[in-house]
Every structure is written in C-alpha cells, then in structure tokens.
Amino acid sequence: MARSSAARGNLPVELDSFIGRNRELVEIKRLLAMTHIVTLIGPGGMGKSRLALRAGHALGRHFPDGVWVVELAELDDADELADELARVLQVYEQPEAAIEDVLVRSLQDRRLLLVFDDCDALLEASGGLASSIVTRCEGVRVLCTSRRRLGVPGESVVILSPLEVPASADDYSSALENVEALKLLAERAAAGAPDFTLTEENGAAAVEICRRLDGLPLAIELAAVRLQSMTAADLLERLDDRLRLLTSRRGRQLERHRALRATVEWSHELLGAEERILWRRLSVFSGSFGIDAAEAVCSGGELHRDRIVEALGRLVDSSILTMAQREHRGRYRLLETMRVYGAELLREAGEEAEFRRRHATWCAELLAPGGRPWWRTGAQSDLIDLLDVEWPNVEAALDFCAGSPVDAPLGMRMAAEAWPYWVVRGRYRMGRRRLETYLDLLPEPNPARAMALWSVGFLAQATADHDVALAALEEARETAVQTGADRETAYSLIGLALVRLRVGELEAAVELLLSAQETL
C-alpha cells in the first residue's frame, strides 16, 4: 500500500516563465477531461517535457492526490518501469504479489495525474503499464511524452510543432508581441542579462536567429544564453557558419535533429578547454550529482580537482547543466541531450572505460564507506536518504560493471552490499535481478560470491520465496566454507536459520544459530 505522506505530487518548481504553447495546453486539458491517456509527441528538443510539467502545474487543482512525474530516460529495462513508478509513488512491494497489482490497488481510490516523461526507450512497456492502470483506476490520468505514440487503446495524441517563427525580419517589434520563438529568445536573453533588449540594431538579427534555428525551443534557449555575452549580429554570423557546416546529410537523420545537434556542438565549441573536458566526463553520472562527486570522479590530467567548482559554474551559466538545491547542497544535472553528446565525446577521447570505472568506484564507496558495510554504522538513516538521491548513479555503475568483465567483481560486491537498501525500500525483486546477473557472470567460488548468494537468499525469504532462499543460502554456505570465509559462513548460517524460523522449524533454526556463533 502507499506509504502515508503529506506529499501531493513531485512536480519541480517552475523557475522561469513559460512562453507559448497556449493552444496545446488547452488541448491537453480538453483531452484529459475526455480520455485517460494523452501523449505529447515531437522530436528531441521540441519542449515536450517542459510542456508536460507546465500542464501538470496548470491542472494540479483538478487532481487532489497530486501530479506525479516519472522520469524514464534513465531506464533501459521494461522490468524497471513498474519499480520506478512504485518508488515515485512510495508504494512498497508485498510478498507473493506482482508489483503492478500492488500499484493498481494503491491507486484505485485516488485521483491523480501521472506524467510518464520520455517513454521512447520503453515505449511498449510504458503503454502497457499506463493502459493497465487506467483501465482499473477511474480517477487516474496519464500524460506521456515520446517521439512516437504509445499505440494503446483510448490514447489521445498532441503533436508538437516547432514554435512559430517570424515570417521575415522586417518588423521585429510586431513579431515580438505575436511570435513565440522570438518572444522566447528575447525573454530568456533578458533574464540572464537584464540590459538586453531588442532594438532596431539587433532586431533583424534576432529574428533571423529564430528562423535559422527552426523554432526549436532548446536551440533557442541555448542561443539566448549566448546573447548574454555577444551581439545578435556576431551570434548570427557564427551560427550561420556552424549550421552550414553541419547540415550535410548524415544517414537518415531528420533536418530538425541536425539543427539540434548543430546547436549542441556549437555550444560545446564556445566553451573553454576545462568546461569541455568536464562536460564529457560528467556524462558518466546518471540523474543528478553533487560537487564532491564531480571532484572525485572527473578530476585528473588536464582538469585539476581545484578547478572543478569553477568549471561547474560556467557549465551552469551556459545552460549545459541545471542546478537545484537539496538540503542546502547543490545538485547538478546534465540535460539528457547534453549527456548523450558528452558520452559521445568521452568515447571519442578514449576515456569512457577510465571514467565509468572511476564513477563505479565512487558508487562502491557509497555502499561501503571506508570499506565497511554501511548498515553496520550508526548512520543508517542518513545513508538510506543519501542512497535515495544517488541511486540512479548506483544503477548506472551496476550496469557498467555487468558489461565489463574486468569490473564485474566490483559490481558483484556493490550489489551484495546494497541488500539493506533494497530491503528498506521494498525493492526485493529488483535486488534479486541484479544479484543473479552477477552470479551468472562470475561462477567461480570466492567470498564475494558467497555474500551475493546470501543477499539473494535474504531477499527471497523476505518475499516468502522459501525454496529459492534455502537453495541460495545453502550454496552461500558451501562457497564460504570452500573459500575459508568465516564471516560469510556465519552469515549464511544465520540466513538459513531465519528461513527455518519462518517455516516453523524452531529447533533447526536454533541449531543453525549456534553453529553461526561458533563460527564467529
């Protein structure tokens, strides 16, 4: 069931004005009153996510149980979708029950709006879960963003086009009042540089910038940042050269996709050497990260540790990074388009393996500070809260290690150390999937494998899967004894005792606990 909470949604605060899309907002409101699933469709950089969040704020009063945003961009496995929705809604797993059924039961008497943001990688799974929920939960509506429609019964679609651009550069003053693209450019530029204003000298160039950027909101936002440090004429001249260089056909890439890529590449070109290096190295993070993490993972070589803070600030100023505060600490995030581009640069620089390995090592330290199991310290509550924030990074590190034979042992140790988090947050099946992946990759007997087997057994017994638990814990004991690992042997005996206790075999449980005591 849902955890008791005063929270009524998780919409982020709108920090800047929302410009344009009035017709689309009216259409979204109309469709959500008539149907249960609405999908916003458009290419990358079209502002689908921003519009979905604006719609959530505008419609929030109609949903007394809140508007809940589920970000899917970082998920790459259909099995993770229901788990992520459960995490967002603070719904816990229940023994011998599918997580989807638990979610439906928790939503049946609620009136809320779910925003499934960036469904592209999990299109079929997103459609299936959304359809399953709304067909059984009358008060739930789902607003999705995607490059393609979900293709489920009852889905309504709003197709986003580029922002309107001026027909010509002749009358910029009239266009400023009526044309969305120019209004966005002018307001965003003025927000960063209060002295900026459109005049007879720069108006025609500003209009042409909007036209050359095809009315793409992200491209215009990035251009507005540059108007804080250069004139519109200088910007237009440089933009024109860059776009002309990159408009040659690249496979089947769409024209607007090439325009977006050109804008991102151009933004990268205007940065200094340190910011470029940091951008590509930051792409190893998933979700958000703090200053300490950036310093630990991304420093080295041409980028000294004491230069990280300065470079982060410049990336924020350039709209490459966004920053939010959490408990008086800054949390940074690469926009997804920027992260993907940075990852390409990291591969091209030959640094991908090195910095993903450093990222994984940093995550491993979160799970075992100073090499000690974190759940044996007095800071368990604080560490659970920290892992809530950093969990996307842990997941990314586990993915990397699972795909790298050299790093798989590190991943196994991380997965084994994470069992208390999965227990506290009710993610038993998620934990078992992770652990079983590493057990398949690393069949050789060693203490780390014994601990991973123990973790599988502990998570299995928590969901009353006693046969799996007994098999895993028995193998853990055999592996620990074979490799002379006393601690792991004791753990496996304690785990076996817990299962015997759960099935009512009290005497067997006592014997196993006594054996564990002797081992220690």
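**Entry 1: two loops**

I began with Asp-118, which I found in the loop between strand S3 (112-117) and helix H5. I keep in mind throughout that this is a predicted model. What is the phi of Asp-118? I read a value near 70°, which is positive in a residue other than glycine.

Next I turned to Gln-90, and here the loop runs between helix H3 (79-89) and H4. Phi of Gln-90 is near 60°, again a positive value in a residue other than glycine.

**Entry 2: H4 and H5**

H4 covers residues 99-107 and H5 covers residues 123-136. I noted an angle of about 40° between them, with the axes 9 Å apart. The pair is therefore oblique. Is the crossing of H4 and H5 left-handed or right-handed? I have it down as right-handed.

Which residues meet here? From H4 I listed Glu-100, Asp-101, Val-104 and Leu-107, and from H5 I listed Leu-129, Ser-132, Ile-133 and Arg-136. Sorted by class, this contact of H4 with H5 has 4 nonpolar, 1 polar and 3 charged residues.

**Entry 3: H7 and H8**

I moved along to helix H7 (residues 180-192) and helix H8 (residues 203-212). Their axes cross at roughly 115° and come within 9 Å. The crossing of H7 with H8 is right-handed. On the H7 side I wrote down Ala-181, Leu-182 and Leu-185, and they touch Ala-206, Val-207, Ile-209 and Cys-210 of H8. How do the residues of this contact of H7 with H8 divide by class? I count 7 nonpolar, no polar and no charged.

**Entry 4: H22 and H23**

Then I went to helix H22 (residues 466-482) and its partner H23. I read a crossing of roughly 160°, with the axes coming within 8 Å. That angle is over 145 degrees, which means that H22 is roughly antiparallel to H23. The crossing of H22 and H23 is left-handed.

- H22 brings His-466, Ala-469, Leu-470, Leu-473, Glu-474, Ala-476, Arg-477, Ala-480 and Val-481.
- H23 brings Glu-488, Thr-489, Ser-492, Leu-493, Gly-495, Leu-496, Val-499, Arg-500 and Arg-502.

By class I have 9 nonpolar, 4 polar and 5 charged residues in the contact of H22 with H23.

**Entry 5: the second largest pocket**

My last stop was a pocket. How much space lies in the second largest pocket? I noted about 270 Å³. It is lined by 16 residues, and the closest to its centre are Ala-368, Gly-371, Arg-413, Met-414 and Glu-417.

H18 gives the most to the lining, with 5 residues. Split by class, the lining of the second largest pocket has 10 nonpolar, 1 polar and 5 charged residues.

Terms used:
Residues are numbered from 1 along each chain as its sequence is written. This is a predicted model: local features need pLDDT of at least 70, side-chain atom pairs count only at pLDDT 80 or more; totals for chains, interfaces and linings use all residues. Side-chain values use heavy atoms; hydrogens and water are left out. On a 1 Å grid over the protein atoms alone, a cavity is a set of points where a 1.4 Å probe fits but cannot get out, and a pocket is an open set with protein on both sides within 12 Å along at least five of seven lines; lining residues have an atom within 4 Å of a point. Grid points are joined across faces, edges and corners, and a volume is the space filled by probe spheres set on the points. Helices (H or I, at least four residues) and strands (E, at least two) are DSSP runs, numbered from the N terminus. Ala, Val, Leu, Ile, Met, Phe, Trp, Tyr, Cys and Pro count as nonpolar, Asp, Glu, Lys and Arg as charged, and the others, Gly among them, as polar. Axes are lines fitted to C-alpha atoms, for helices over the stretch in contact, and angles run from 0 to 180 degrees between N-to-C directions. Angles under 35 degrees count as roughly parallel, over 145 as roughly antiparallel, 65 to 115 as roughly perpendicular and the rest as oblique. A crossing is left-handed if the near helix is turned anticlockwise from the far one by less than a right angle, and right-handed if clockwise. Contact means heavy atoms within 4.5 Å.
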